[in-house]
Amino acid sequence: MGRLTGKVAFITGAARGQGRAEAVRLAAEGADIIAIDLVESPSRYVGYAPATQAELDETAKLVEGQGRRVLARRADVRDLQALEAVVSEGVSLLGRLDVVVANAGIVNYGRTWELTEEQWQDVIDINLTGVWKTVKATVPTLIEQGQGGSVIIISSVAGLKGLPFLAHYASSKHGVVGLAKTLANELGEHDIRVNTIHPHGVRTGMNDGGLEEFLTGSPMLGPLYMPALPYQMVEPEDIANMVAFLASDEGKYITGAQMRVDLGALNR
């Protein structure tokens, strides 16, 4: 038996990258999966290719390949009604909900005073408000079931450090830390744990080369991004491993924590 046999996990941004790795990893541990993704460009300021329906379908196939059931749906974390509809459908189909992974997010770059209002708002709406809406759509079910649960929010090194050219992103990722700490206190009496994960750069499709251009023009700021360990990136599966740990009973006494998978970058 896997560590999550009999459990159901809801994962946002699941079409590819970290979200897909998390879905497959939790399925390998025995969980059934409710997977959502926007599968279109979330903002005109995002320079990398958006996830596609074909990629979300592939995530579903990979979960089924682990012998688990899956419900995969297109949904936007900015749309509370859509989230609530998918949660309701997923719980009806799979019978329950135990784990929530708020993974969906976007990134782009700019000097703080040069960001447009739209550029700022798009990142905050998805990375911060979208996490709150994910919580709002799922936590009532966890409470009603009365059997505890685990809420895992994907933050970033930028959620604990002031990284340049990422004011909107860093603000959103710092914001979810405050949200998680508050939720950890509010939900503790229900045996629902809430934690954040803080990766260094992860090898996914979320990179359009924009950061490198800014750092080339401001070389003194480059060391703020340097890791301590002799690697440049972590893999999506490395983040998924931490998600599996926090979702399982091995993490049953951990809540309100900031779990670093950062190559030592936060020690700099």
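How are α4 and α5 oriented to each other? In this predicted model, local features require pLDDT of at least 70 and side-chain atom pairs pLDDT 80 or more, whereas totals for chains, interfaces and linings use all residues. Residues are numbered from 1 along each chain as its sequence is written, and side-chain values use heavy atoms, without hydrogens and water.

Helix α4 (residues 117–145) packs against helix α5 (residues 167–187) at an angle of about 20°, the axes being 8 Å apart. Helices are DSSP runs of H or I of at least four residues, numbered from the N terminus; axes are lines fitted to C-alpha atoms over the stretch in contact, with angles from 0 to 180 degrees between N-to-C directions. The two helices, α4 and α5, are therefore roughly parallel to each other (angles under 35 degrees; 65 to 115 is roughly perpendicular, over 145 roughly antiparallel, and the rest oblique). Their crossing is right-handed, meaning that the near helix is turned clockwise from the far one by less than a right angle. Contact (heavy atoms within 4.5 Å) involves residues including W120, V131 and W132 of α4 and Y169, V176 and L183 of α5. By class, this contact of α4 with α5 has 15 nonpolar residues, six polar and one charged; Ala, Val, Leu, Ile, Met, Phe, Trp, Tyr, Cys and Pro count as nonpolar, Asp, Glu, Lys and Arg as charged, and the others, Gly among them, as polar.

The axes of helix α1 (residues 17–28) and helix α7 (residues 236–247) come within 8 Å and cross at roughly 50°. α1 and α7 are therefore oblique to each other, and their crossing is right-handed.
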